[in-house]
Amino acid sequence: MKYVIGNWKANNTLDESLQWIKIFIIELQKNQTLKKKIEQEISVVICPPFPHLYPIKQKLEGFRNIFLGAQDISSVEKGTYTGETTALNLQGLIQFAIIGHSERKKNFHENEQMTSLKLQLANKYGIKPFYCINNLDGIISPLIEFICWEPPESISSGDGKGNFKSLADILKFKKMLNLPNSHFIYGGSVNENNIKEYVVSDEIEGFLIGGASLDPYRFLHIIEHS
């Protein structure tokens, strides 16, 4: 089973998100071959902004292997923390969460202590984390189910056209990780064109899609070729 994760980041109004999901569902219903492929081979995880999670969840009821994910969770569990969205808040609404994304580290100065707390809270509340790393430093535990590698030089500015890594580079990095029990996800500006280079290897078990996931047609094309 491969994973295709769409990270919308801080984009879209509610109306735009609902239009995205409307197009996604219509196109999926028209392409029963792709729908069957998702049901049998691919777990699709859609990560919209927090306020759009529940409206999108309602639209996806009844679809197999299409899940909701959060782009982040709080490092606190509950209490007097105005503005935080916690794993406790999200329990039952999402199945997955992105933790430690490079943009969180860069723009909001997240450190290892914070990401470690987030991992613990995700596990406590039954949320599977996609744990993002940029290099071999930091928290890399054999207990983490999903490792997502985001090479800093390969992260796009939002268009999904960054300097993606070669398959050889990706497999070399995975070997250095030495985490045979973790699913390995690649997140360096994957789009509908370069994904063809990566899917030839079963060593890459999924893709974290940024800018290219904002267009439902492009996202479906990526899923189709995964």
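1. Let's start with a loop. His109 is found between helix α5 (102-108) and helix α6 (112-124). Keep in mind as you look that this is a predicted model. His109 has a positive phi of about 55°, although it is not a glycine. Is His109 buried or exposed? With a relative accessible area of 63%, His109 is exposed.

2. Now look at another loop, the one between α7 (167-177) and β7 (183-186), where you will find Asn178. Asn178 is not a glycine, yet its phi is positive, at about 55°. Asn178 has 59% relative accessibility, so it counts as exposed.

3. Move along to strand β7, which contains His183. The relative accessibility of His183 is 24%, so this residue counts as partly exposed. His183 and Lys124 are 59 residues apart in sequence, and their C-alpha atoms are 20 Å apart in space.

4. Next, the aromatic rings. A pair of aromatic rings is described by two things, the distance of the centres and the angle of the planes. The count for this model comes to 15 aromatic pairs. One of them is Trp20 with Phe24: the ring centres are 5.1 Å apart and the planes meet at 15°, so the pair is stacked. The cut-off behind that word is an angle under 30 degrees. Why are Trp20 and Phe24 separated by about one helical turn? They are four residues apart in helix α1 (residues 14-30), which means about one turn of the helix lies between them. Trp20 and Phe24 are both buried.

5. Stay with Phe24, because its ring also pairs with that of Phe219: this pair is tilted, with 6.4 Å from centre to centre and 35° between the planes. Which parts of the chain does the pair link? Phe24 is in helix α1 and Phe219 is in helix α9 (residues 216-224), so distant parts of the chain, 195 residues apart, are linked. Phe219 is buried, and so is Phe24.

6. The two helices that carry this pair are worth a look themselves. Two packed helices are described by the angle between their axes and the distance between the axes. Here, the axes of α1 and α9 come within 9 Å and cross at roughly 45°. That angle makes α1 oblique to α9. As for handedness, the crossing of α1 and α9 is right-handed.

7. Two further ring features deserve a moment on screen. Then find Arg104, whose charged end sits over the ring of Phe108, 4.3 Å from the ring centre.

8. Finally, the cysteines. How many disulfides does a search of the whole structure find? The search finds zero. For Cys47, the closest cysteine sulfur is in Cys132, 9.7 Å away from its own sulfur, and that is too far for a bond. Cys47 is buried, with a relative accessible area of 0%. Cys148 is in no disulfide either: its nearest cysteine sulfur, that of Cys132, is 4.3 Å away, while the cut-off for a disulfide is 2.5 Å. Cys148 is buried too, with a relative accessible area of 1%.

Terms used:
Residues are numbered from 1 along each chain as its sequence is written. This is a predicted model: local features need pLDDT of at least 70, side-chain atom pairs count only at pLDDT 80 or more; totals for chains, interfaces and linings use all residues. Side-chain values use heavy atoms; hydrogens and water are left out. Rings of Phe, Tyr and Trp (its six-membered ring) pair if their centres lie within 6.5 Å; planes under 30 degrees apart count as stacked, over 60 as edge-to-face and the rest as tilted. Helices (H or I, at least four residues) and strands (E, at least two) are DSSP runs, numbered from the N terminus. Buried means under 20% relative accessible area, exposed over 50%, partly exposed in between (1.4 Å probe, protein chains only). A charge sits over a ring if NZ of Lys or CZ of Arg is within 6 Å of the ring centre and within 35 degrees of the ring normal. Axes are lines fitted to C-alpha atoms, for helices over the stretch in contact, and angles run from 0 to 180 degrees between N-to-C directions. Angles under 35 degrees count as roughly parallel, over 145 as roughly antiparallel, 65 to 115 as roughly perpendicular and the rest as oblique. A crossing is left-handed if the near helix is turned anticlockwise from the far one by less than a right angle, and right-handed if clockwise.
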